[in-house]
Amino acid sequence: MKKQFLKFGAFAVFTLSSTMTFAANCTNTISNNAVGNLTVPSGATCTLNSTAVSGSISVQKGASLVLNNSSVSGSVQASTAKSLKLTNSMIEGDVQAGQVSSLISLDKAMISGNFYCSSLTRLQSSNSMIEGKTIGKCR
C-alpha cells in the first residue's frame, strides 16, 4: 500500500493507493495486466502479453509458458515443463529448466538470476543475456 500526501494551496489531501495484483492459474492468455504468483497447470499453455508478474511462476509438468514484452520479478520454476519462450521479456530471479522436454527460446530476453538446464534441454538464444551463472549444460 502506497501512501501519498498532496498539498493544494492552504489544505492537504491524504490518499491511499495500492497496486492490485492477484495470484492466478493461467491456462490461456493474460494481456496488459499485473499478477502476483502464477501457476501454469499441467498440460496448459500460458501466454503473457505486456504483463508484469510481481512474484514467481510455476510451470507444471508438460505445460508451456510464453512471455511477450513481459517481466517477472521472481523466479520461474519450469523443471518439467514442455517449453519456455521469452521474447522482449525479463526475469529478475532464477530460471530452473533442468528437464524442459522441448525447447527454451530466448529472443531479446534477459535473465538476471541463475539459469539451470541440462543436456535434455535444447536452448535457442538470440540477442539475449543471462546475468547470473548458467548451471548445467544445455544442448
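Predicted model: local features only at pLDDT ≥ 70, side-chain atom pairs only at ≥ 80, totals over all residues.
Colleague: Hi! What order do the strands take in the open sheet of six?

Modeller: Reading across, the order is β4-β7-β10-β13-β16-β19, and the pairing is parallel.

Colleague: Which strands stand at the edges?

Modeller: Those are β4, residues 29–31, and β19, residues 123–126. Each has a single partner strand, so one side of each is left without a neighbour in the sheet.

Colleague: And by how many degrees are neighbouring strands turned against each other?

Modeller: On average by 5°, with direction ignored.

Colleague: Let's zoom in on β7 and β10. How many bridges do they pair over?

Modeller: Five bridges, in the parallel sense, with β7 covering residues 45–49 and β10 covering residues 64–68. Within that pair, Cys 46 stands opposite Leu 65 of β10.

Colleague: Changing topic: how many residues are in the largest nonpolar core?

Modeller: That core has 31 residues. The ones with the most contacts inside it are Leu 38, Leu 48, Ile 57, Val 59, Leu 65 and Val 76.

Colleague: Which elements give two or more residues to this core?

Modeller: They are β6 (38–40), β7, β9 (57–59), β10, β13 (83–87) and β16 (103–107).

Colleague: Pick Leu 48, then. What does Leu 48 touch?

Modeller: Leaving aside residues up to four places away in sequence, its contacts include Ile 30, Leu 38, Val 53, Ile 57 and Leu 65. Leu 48 also touches Cys 26, Asn 68 and Ser 70, among others.

Colleague: Now charges. How many salt bridges does the structure hold?

Modeller: One. Asp 107 forms a salt bridge with Lys 108, and the closest N and O atoms are 3.9 Å apart. In general, side chains of opposite charge can pair when their charged atoms come close.

Colleague: How exposed is Asp 107?

Modeller: Asp 107 is partly exposed, with a relative accessible area of 26%. For Lys 108 the value is 45%, which also counts as partly exposed.

Colleague: Where is Lys 108 found?

Modeller: In the loop between β16 and β17, the latter being residues 110–111. Most residues other than glycine have a negative phi.

Methods. Residues numbered from 1 in each chain as written. Heavy atoms only, no water. Pairing = 2+ DSSP bridges. Helix = DSSP H or I, 4+ residues; strand = E, 2+ residues; numbered from the N terminus. Axes fitted to C-alpha atoms, helices over the stretch in contact; angles between N-to-C directions. Core = buried A, V, L, I, M, F, W, Y, C linked by side-chain atoms within 4.5 Å. Buried < 20%, exposed > 50% of the residue type's maximum accessible area, 1.4 Å probe, protein only. Contact = heavy atoms within 4.5 Å. Salt bridge = Lys/Arg side-chain N within 4 Å of Asp/Glu carboxyl O.
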